Amino acid sequence: MNQVAQLAHPIEGPVSDPVPSIAPPAPTTASETGLELGFLVDLMLKTIYRTNAERPSEISTVMCLPVGIISELIEEASSMKLMETLGQLGASLTAEMRYGLTGKGKSWTREAIAQSEYFGAAPVTLNAFCEQLKRQAVKNETLTRDVLDRAFSELTLPEALMEKLGPAANCGAAVLLYGPPGNGKSTIAEAICRAFGGHVYFPHALVVDKQIISVFDPTVHHPIDDEVDDGETLVLRREVSADKRYVKCKRPSVITGGELTLDRLDLALNTVSRIYEAPMQLKAAGGVLVIDDFGRQRQSPQELINRLIIPLENGTDYLALQTGRKFEVPFDALVMFSTNIAPKELVDEAALRRLRYKILIDRPDFETMATIYFRTARNFGLELDEDTLAFIVEELYGKTEEAQFAGFHPRFLMDQMVSISAFEGISPRIRRDFLYRAWGNLFTDE
């Protein structure tokens, strides 16, 4: 069965019906954070030292902790002679008291910074983070046929392919998309990423054995602000009872390609700041991890499969600090491999058997290709008639020895029609002489 995907315009936003996840409850006391009091005091001192925050409300905002907990920490730091009152700013009865570091407090803080430069949002404990990941697992969400139809609304896909992609997207295991280049493997993987709706909560940071691991990544995690129309204006409604150490985000999708190396699947320590960065599969928890151009990485595909397949099967991963301490975290991401290399050339039979879904994305047949050409031309605002399509098939494909149908060809040629028309100073159109010129850009002259 010939299969093809061709994306004319990107799909924006999730298309599945949102599945609410449980917001982590806000702590009301320092002990409810799960963190040691001394650790929190040190973090507050470093935050004040780095940001010059003076009022409890300011410190609360930066540390993502309730004002009541900040007051508790200030009281503790003051009893240790590390902080002192600076008076109120203004004569208002509601004016907040201001606080600053004492000389002893500044020395103490510099020593704390020498251990770790992390300041700002208080981290969450490993146990709390793992429990939150379980509550918002991607396996809790189901992509139905209607959801995937909406996700692939801008694609031209045979029904037989849809019947394979649907169960694969819901499996929560490993999916291998393979086939000749230029037929939509990456596009399909990205569309599945966008299909997942709902929201998740990711902490700014995680603490393990007093070591800070940065988790929230603005390049991967896209925050959600809930806006409510009150009839006149849009007001922002935030979940006041939620733990502000977490950021409410869209389900994540992490896409990596030939640049992927094995070390990116492990904790990375910044030796200057002494802060760890979470690996990509942990940042993708609750979402999708796409490994594009599989087989083009520096490491062998067998090595990459060996690193990921056991966590995929068991649902847990093991990470290690530089101290040697290993700890367990949930592995909750739909992992999709995309390659134009024959699967048997990539990995051994044992590894292939562990890839639950192996889906061929083949070259399109004539009927599918014609549909893509007409649809793509329409999306570009160009007029394509049947005679011109026959010219493309018989004259261009028919008289070019190495030419075979590929899903990316229509978009490539229509884009060139627009560019050539602009160069010639005329309105965008499809002309046979323009098609000859564009066609030459598809191939190299040896």
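This is a predicted model: local features need pLDDT of at least 70, side-chain atom pairs count only at pLDDT 80 or more; totals for chains, interfaces and linings use all residues.
Okay, the overall picture to start. The protein chain has 446 residues, and 50% of them are buried. The C-alpha trace spans about 85 × 55 × 40 Å along its principal axes. If you take contacts between residues at least 6 apart in sequence, 75% of those join residues at least 24 apart.

Now, the inside. In soluble globular proteins, nonpolar side chains tend to be buried together. Here, the largest nonpolar core has 30 residues, and the members touching the most others are Met44, Ile59, Met63, Ile70, Leu73 and Met83. Which elements each supply at least two residues of this core? Those are α1 (37-51), α2 (56-63), α3 (67-79), β2 (97-101) and β6 (205-208). The top contributor is α1, with seven residues.

Let's zoom in on Leu73. Leaving out residues up to four places away in sequence, Leu73 touches Ala30, Leu37, Leu40, Val41, Met44 and Met63. There's also a second, separate core of 28 residues, including Val147, Leu161, Ala168 and Ala189.

On the α1 side you've got Asp42, Leu45, Lys46, Tyr49 and Arg50, meeting Trp108, Thr109, Arg110, Ala112 and Ile113 in α4. By class, that contact comes to five nonpolar, one polar and four charged residues.

Notes
Residues are numbered from 1 along each chain as its sequence is written. Side-chain values use heavy atoms; hydrogens and water are left out. A nonpolar core is a set of buried Ala, Val, Leu, Ile, Met, Phe, Trp, Tyr and Cys residues joined through side-chain atoms within 4.5 Å. Buried means under 20% relative accessible area, exposed over 50%, partly exposed in between (1.4 Å probe, protein chains only). Helices (H or I, at least four residues) and strands (E, at least two) are DSSP runs, numbered from the N terminus. Contact means heavy atoms within 4.5 Å. Ala, Val, Leu, Ile, Met, Phe, Trp, Tyr, Cys and Pro count as nonpolar, Asp, Glu, Lys and Arg as charged, and the others, Gly among them, as polar.
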